[in-house]
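Visitor: Could you walk me slowly through one part of this model, and then show me what else is worth a look from there?

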Amino acid sequence: MTSPTYATYLRLDELLALQVPLTPREQRDLSDSERLFIVVHQASETLLSQVLVDLRHLDAGPCGPACRAHRTDRAVRLIGALEGQLTLLRRTLRREDFLAFRDRFGTASGLQSEQFRELFALTARLTGNPDGDRSGALDAAVRRWRATHLDLVAHMLGDEPGTGATSGRRFLASRLENPPDAVPAATPHAAPGTTPDTTPHAAPPRPAPSGPATAPAARLGHVVVLGGSVAGLLTAHVLADHADRVTILERDRIEDHPAPRPGVPQSRHTHILLASGIDALTRLLPGLAPELAAAGAPRLAVPGDVGVWQGGQWISRRNPSAPILSPTRPVLEHHIRRLVLAHPAIGLRPGTEATGLLGRPGHITGVTLRERGTGDPAPRELAADLVVDATGRASRTPQWLAALGGTPPAEEVLETGRAYASCLFDGDAPPRGLRGFYIVPEATAPLGAIVMPVEDGRWTVTLSGPRDMAPPNDPEAFVEFAHRLPHPAPHTWLSTAHPAGRPVGYRHTANRRRRYDRLGRDHGGLLVVGDAACALNPVYGQGLSVAALTALALSRALAAPRTPTAHTLQRAALRAAAPAWDVATGADSPMPGATGNAVRTGPTARLLTRYLDRVRAHVPGDPVVCTANRDVLFLLAPPRTLLTSPRVLRRTLLGTPVPTPRDLPTP
């Protein structure tokens, strides 16, 4: 008898001929995406067939304790692999591709899988006749797999109808059995005057891992996120895949459409997503970019589409460009929230405000909270295995830690007193094909401006100045203030536009970094992100991108084989924000009247400032130096690259700056 080869033993010729996309081969990218969809589902059905082999044997009865333990553990691990297949599909199949080919398979649906139905029936029977903890592990594994399936459908379809006469996400949610409520392991004793919170607004808890047959990594348990703005939403999103449930507490009531809200005072000001932020958000929420484009969020190239005035010159628009997005804050936050809340483990409690921390110094076990607008002032308790503070500049965590007898974090502060005001305008585009202006504030010319397109054909304009030159809140005076800018182009354009409302001012522009990463490795149960940990001068437009980069850094830390500690996550968050901190404090240190312990002083700082002044002098007319400087400002490269790149060093120190015309730059 001839021994089989690897290919004949596995019957690879037949197996590899079974992936036949219905998309025409001429549409290569889409056809390959459909093939990926087929491959993952065929592999899942194959794995599931082995699960059923073991469960049928268990259901038949002739199996002793050792046999039952072995086959149950194997089935649980195989179901874990099925869950991994769904996660793989979510991370590798673009939503827009799926929506483009899904109509080709008509009424075909996973609901029609005979194996799925048999799995659920066998699990119900075996769980109804439990055998110690192993039957519980089997039930928990199936529930996790079904929840991950719901997560995938929510990501791909949202509330659109599914195939096979189902209603998509809502149908699956109705079919997903709700697990019983679980009490977190670290439930604190009730503080005087408070009661345990039992309000059913949070996402139902996922089943906890049970026994050695479940996933090898520990889970985060119940995570409570304070603050439902961008940083809080993105952090909840990355933690949800590693937690039993995530509850977001948001003090504001949330509208079902984009709208400014009191808890985000920056809602009416200009917002920019830098190239680094666009990339991070695309990785975190693949469906966000198409949604923002459909909502009319403009995409621009800098400096190709924007007149950038720096160091007394226009930067050449022929220099290499990088993309930015300029959505209004309410539109961006609305779409991020919609995608994040599609996760089955995440629940939002609007109108709920945290009032303190539970636990002891170094070990936080939950929060106290109150429901706003209910007339019930009684504080309640909410237990948590991890509390995330994403409440922004107004964070009270330092005071709450002190109230527990702990030590608040050390703070690094740099304050310039800069103030700014923003206003929406209706008007035509600027001349020469420009789609915006950016007048960069500097020590010798401290007034700044940014003009960007937003949705609905409108323009957002932000003007800024030092503490004794704050922009006014009167529309006419606001336009006149622009006359004091170092170049008349923004004022000339504003004079032809029409304000769509009154300017709104903002004065909280200090750079403030709280060093929670230095509280010690033994501090657990608390993670601080966003402006609550590292607040940057908003005039540099880094905040949204830093929030996305921080969430991406947390996601990478959570991908480690062992669940990271809160201290490890805190360090990852601070490291992600460090380049932006260096850029903002480096730009603000030379400003007139800069104060604080983060101001850079001394001979080394003065030498570095002189060098960076030479870099900025070369930016307008030198494409190499311009690209390097832009990558630092856009958080695509660390600031040190301006000091370590031989090409930048040579051109900056040995070359002569190439001047650009004072007239508006041409494409």
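Guide: Two strands pair if DSSP finds at least two bridges between them; strands (E, at least two residues) and helices (H or I, at least four) are DSSP runs, numbered from the N terminus. This is a predicted model, where local features need pLDDT of at least 70 and side-chain atom pairs 80 or more, while totals for chains, interfaces and linings use all residues. Residues are numbered from 1 along each chain as its sequence is written, and side-chain values use heavy atoms, without hydrogens or water.

Let's start at strand β10, which covers residues 363-371. One of its partners is strand β9, residues 352-360, and the two run antiparallel with eight bridges between them. To find your way along this pairing, pick out Thr352, whose bridge partner in β10 is Glu371. β9 and β10 make a hairpin with two residues between them. Look at the turn for Gly362, which has a positive phi of about 85°.

β10 also pairs with strand β11, residues 380-383, again in the antiparallel sense, this time over four bridges. β10 is mostly covered, with seven of its nine residues buried (under 20% relative accessible area with a 1.4 Å probe, protein chains only; over 50% is exposed, and in between is partly exposed).

Helix α9, residues 230-240, is mostly covered too: 11 of its 11 residues are buried. Among them are Val230, Leu234, His237 and Ala240.

Now for the rings. The structure holds six aromatic pairs (Phe, Tyr or six-membered Trp rings with centres within 6.5 Å; planes under 30 degrees apart are stacked, over 60 edge-to-face, the rest tilted). One of them joins Tyr420 and Tyr506 in a tilted arrangement, 5.5 Å centre to centre with 45° between the planes. This pair links distant parts of the chain, since Tyr420 belongs to strand β14 (residues 419-426) and Tyr506 to strand β19 (residues 504-506), 86 residues apart. Both of these tyrosines, Tyr420 and Tyr506, are buried.

Trp459 and Trp493 form an edge-to-face pair, because their planes meet at 65° with the ring centres 5.4 Å apart. Trp459 sits in strand β17 (residues 458-465) and Trp493 in helix α15 (residues 489-494), so this pair ties together parts 34 residues apart in sequence. Trp459 counts as buried because its relative accessibility is 7%, and Trp493 does so at 5%. To finish, find Trp309, Trp314 and Phe437, which ring pairs link into a cluster.
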